[in-house]
Amino acid sequence: MSDFLLELRSEEIPARMQAGARAELEKLFRREMDAAGVECGEITVWSTPRRLALIARGLPVATEAVSEELKGPPVGAPYQALDGFCRKAGVEKGDLETRDVKGRATYFAVKNIPGRATKDLLAEAIPAIIRDFSWPKSMRWGAASISTESLRWVRPLSGIVALLGDDVVECEVHGVTSGSVTLGHRFHHSGDITIGNADDYAMKLRAGHVIVDHEERQDLIRGGAAKVASEAGLKLVEDEGLVIENAGLTEWPVPLLGRFEEDFLEVPPETIQLTARVNQKYFVCEDEAGELANAFICTANIEAEDGGARVVDGNRKVLAARLSDARFFWDVDRKKTLAEHAKGLERITFHEKLGTVADKVNRVVKLARWLVEEGVIKGADPDMAEQAARLAKADLVTEMVGEFPELQGLMGGYYARAEGLPDAVADAIRDHYKPVGQGDEVPTAPVTVAVSLADKLDTLTSFFGIDERPTGSKDPFALRRAAIGIIQLALENLLPLDILLSATKSHMDRDFAVKELRASQDNKGRLIEQVIDELGHEAAMGLLKGWAPSLRNANPKKEIADAVFRDLERALLVAAPVRDFVLERFEVLQRGEGIPVDLVRASKSIGEHGIEANVVRLRARVKALQSFMDTEDGANLLAGYKRAANILKKEDWHGAEGEIARTGEEDPLALVDDPDMKAVIDAKMNERHAKELSYEPEPAEKALMDALAKSEPAAARALEAEDFSGAMAALASLRAPIDRFFDEVTVNADEENKRAHRLDLLAAFRAAVHKVADFSRIEG
Amino acid sequence: MDRNPQKSFQDMILALHDFWSAHGCLILQPYDMRMGAGTFHTATTLRALGPEPWNAAFVQPCRRPTDGRYGENPNRLQHYYQYQVILKPSPPDIQDLYLESLRVIGIDPLKHDIRFVEDDWESPTLGAWGLGWEVWCDGMEVTQFTYFQQMGGFDCKPVAGELTYGLERLAMYIQGVDNVYDLDFNGKGVTYGDVFLENEKQMSKWNFEVAETDALFDLFNKAEAECKNALSANVPIAAYEQAVEASHIFNLLQARGVISVQERASYMGRVRDLARGSCEAHMEKEAPVWAEKYPEWSK
């Protein structure tokens, strides 16, 4: 058993790539060892800016010899068969052995694959690892790069240390040969360091001022930064990202504390922290009161002769120049009001097909106000919602946000407060981008919710309107994030938000609120909402087509009605896919919480065409359904439902409604509304009623009829009250009767009237279940 | 002769010249055109193409009209100097050479914290990109260090290493001065401000307020036309000069604030086409000669 050490030395590897490189090195090493049949145990991987290192403990000295036997043709077989076998097995005829197999002499090829020295296997593995190594970005260099076939690495590869036990594993990759010699710290150590074996590697490097274990460097930075802060009577603002980045930039990290002029503290603390962090990779500190202090901590890569005084002074100057810029931006930006800044948004293109940011702001303003007035968001002042929406993007044209785009929103909030706008407005401007992804804080202040929701709805519908939808891993406009934001806002604040309706509103050019439309028309106007809510998009389109002419006739301002309908039709075409997209995200979120997707899908569909577009209600439906399915009643009802559905499918039974559907019209309501169809429907209904009473039902049949008659209205009442557990309980009352029905009643009776009635009864049962949830989508 | 790079801006430049000259570089003079960066010098762009070894160092004055601050900002200038070193193919000890050059001008890496921080370089205008670092000295970026991978849309074969020192910043650092105009130019009390303050004032005014924009648009169109004219006559170096000219005129138009956001992309595209077209033509013209001389090379 020997330990193996591999060090790949290069010029400075970007800090952000080092974690990935460590994982890649281990993965490729294991792959090579697996392929060679070498068992490897514990593997340690380290990185510094200038080297990747791997130590594999307890490798065998050699792989074991393997003996392989191949059975060939019997003795006396045609000579072609024997020839073919030898070729395949790669042996000479003379080397074949003969053995007895069930009384027949048979040829055998015996191949002895000798064991190989691990050292030789490693010598082949190392070049393969280097050649196959995948970096986020790689490059060519040096004289060899006259060919594009030359080796690619993240930065020039300059040395390989490869030791198995105390011996060098000799190999060569594009002119770089392995050995036992490496280099220490760039400035603290000159000359070569000869490594003896895996055990003295870290120690010898430490003597050369290199701490090769990245985790140790991270600990040093974490602890060192906290220590210099507390020595100055301050508290370090912890920042794990900075710890890792600085550990990736240093081989001998030395945290040093410096001070900047106190005057700079007038600018918002976030700008100081961001300047320090992003541009300079410095930590910042807080005083006892938790306020940002005028101190920074940089991480030097040297133990400077003067204790770091010059290093700190140099860094202080750089930071001062950066902070002067920040202060300059802060001063200049406040010379204008946000309303004045907002004019500049007319010059910024939001998207070439969607106009300027100012155009977007105008849309968001209307939508935010509508969301409040429509009662989707309660407790917000509509004027404040409008004002906040109008100013929310103004900071995009300020100098500060130009320099630090990460501060968008936050700076707007500061500037709003500085000019004396109400807190609710300033908070909304500050927080309206939230939530940005899962785990982010979800706003609850009503004005903020209005602006945030309107902004995201507009983004979604606008991009869907120009056919820019996410595909696969591509989501350049972060539409998935917008959809998740909408869901989180609705769930967190229990908003009565109908995605389809609000997306429709969002995409309408005209200012007609659906509410206004409803008020201005006779009760037909109200149908828009009903149709959208209950029947879904396709049905709505059918309805609009049939309905618009009659509405036009009834309305004195027909050209207005006409325009509204065209607009609505266009908006619906976009809103329906938006709703589906949001619901897909909802499914994903629910799955993340461990809820089976089939239950979400079953709860999403209501009735024949309806899709639940209110995520708060949908969540309640899913919960109720999940609890129900966990009960015995639920599981049995599902079985009964499947059986009923199978019979109906097998018999191709559509019932009275089915006959209407077969006329070619998709939408029953359109037909109800159509005077020409009234006679047809009445006739069908009469026919159906006539059938019901033509014979004496069996007891189990009667019991199911009675149960349905009770359960249907009970379920309907519960649904109306959004009491989904109640609706499930109403369904549960059907379980015993349906079981009994199947036990005792023959559906396919010889008499046609009985058969028809019983099939209708099953159809009614299925329809009753569907009103609560689409059981056909539940697996099991 | 004794140099004193720690007290004199010009001695710092001369010390760099001495150093790189001793390490085999041609010491060239600045290109006699207005340009935004030393990379535009033909000694960098055009010489980065093709297989021939090329080692050169030079100072290049750079014009960044939008960075002008009327002489009022301590470290922003519309005209400043870059020190460029181009080494092709990139030598294995290029980092050591660079660090040695810092020692020569008085930066001791055991007193100052020198770091190589990832910073990749890309110039869409030149169809060029490379990987490398910005070199930090006590947190200040003093040099851009790039391994050119592509130029004019062509793979660099072999790869050249490019070092771009920001001379004023470096000098301010070495001399311990907070304002660029306080730099000692000659070590005898003539300041950078004595030489350039008035230029900065006047040129900022001209760049931002005075330059006749109709004439600039006209110049841009003429440079573009002349570039194409030169290309059709198969004189790519002349064409490249016109691309550099168009690029600078575009920067002036930007400073005058007469190019809208939408137009900006279109102008940049036009400049890019000129620059790339010139590089391609240069490549086409030289490729047969190169291929004959370096059989292992191919376009």
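This is a predicted model: local features need pLDDT of at least 70, side-chain atom pairs count only at pLDDT 80 or more; totals for chains, interfaces and linings use all residues.

**Sheet, helix and interface contacts**

In β15(A), A:C285 is the bridge partner of A:L236.

- Strands β13(A) and β15(A), the latter spanning residues 283–286, pair in the antiparallel sense over 2 bridges.
- The open sheet to which they belong has 4 strands in the order β13-β15-β16-β14 of chain A, with antiparallel pairing, and its edge strands, each pairing on one side only, are β13 (235–236) and β14 (254–259) of chain A.
- Helix α7 of chain A (residues 269–280) packs on this sheet by touching β15 and β16 of chain A, and its direction makes about 5° with that of β16(A).
- Helix α8(A) lies across β14 and β16 of chain A, where it runs at about 55° to β14(A).

**The contact between chains A and B**

- Chain A contributes 35 residues to the contact and chain B contributes 33 residues.
- On the side of chain A that touches chain B, β16 (292–300) and α8 (309–333) of chain A each supply at least two residues, and the largest share, 7 residues, comes from α8(A).
- By class, that side of chain A divides into 16 nonpolar, 9 polar and 10 charged residues.

**A helix pair in chain A**

- The axes of helix α27 (residues 699–720) and helix α30 (residues 752–772), both of chain A, come within 10 Å and cross at roughly 20°; α27(A) and α30(A) are therefore roughly parallel to each other, and their crossing is left-handed.
- Among the residues that make the contact are A:L704, A:M705 and A:L708 of α27(A), together with A:L761, A:A764 and A:F765 of α30(A).
- The residues of this contact between α27(A) and α30(A) comprise 11 nonpolar, 1 polar and 4 charged.

**The two domains of chain B**

- Chain B is divided into domain 1 (9–208) and domain 2 (211–297), whose C-alpha centres lie 23 Å apart.
- In chain B, 27 residues of domain 1 are in contact with 26 residues of domain 2.
- On the side of domain 1 of chain B that touches domain 2 of chain B, α2 (45–48) and α5 (192–210) of chain B each supply at least two residues, and α5(B) gives the most, with 3 residues.
- That side of domain 1 of chain B has 13 nonpolar, 10 polar and 4 charged residues.

How values were computed. Residues are numbered from 1 along each chain as its sequence is written. Chains are lettered from A and ligands numbered from 1 in the order in which they are written. Axes are lines fitted to C-alpha atoms, for helices over the stretch in contact, and angles run from 0 to 180 degrees between N-to-C directions. Angles under 35 degrees count as roughly parallel, over 145 as roughly antiparallel, 65 to 115 as roughly perpendicular and the rest as oblique. A crossing is left-handed if the near helix is turned anticlockwise from the far one by less than a right angle, and right-handed if clockwise. Two residues are in contact if their C-beta atoms, placed from the backbone, lie within 7 Å. Ala, Val, Leu, Ile, Met, Phe, Trp, Tyr, Cys and Pro count as nonpolar, Asp, Glu, Lys and Arg as charged, and the others, Gly among them, as polar. Domain bounds come from an automatic or database domain assignment. Two strands pair if DSSP finds at least two bridges between them.
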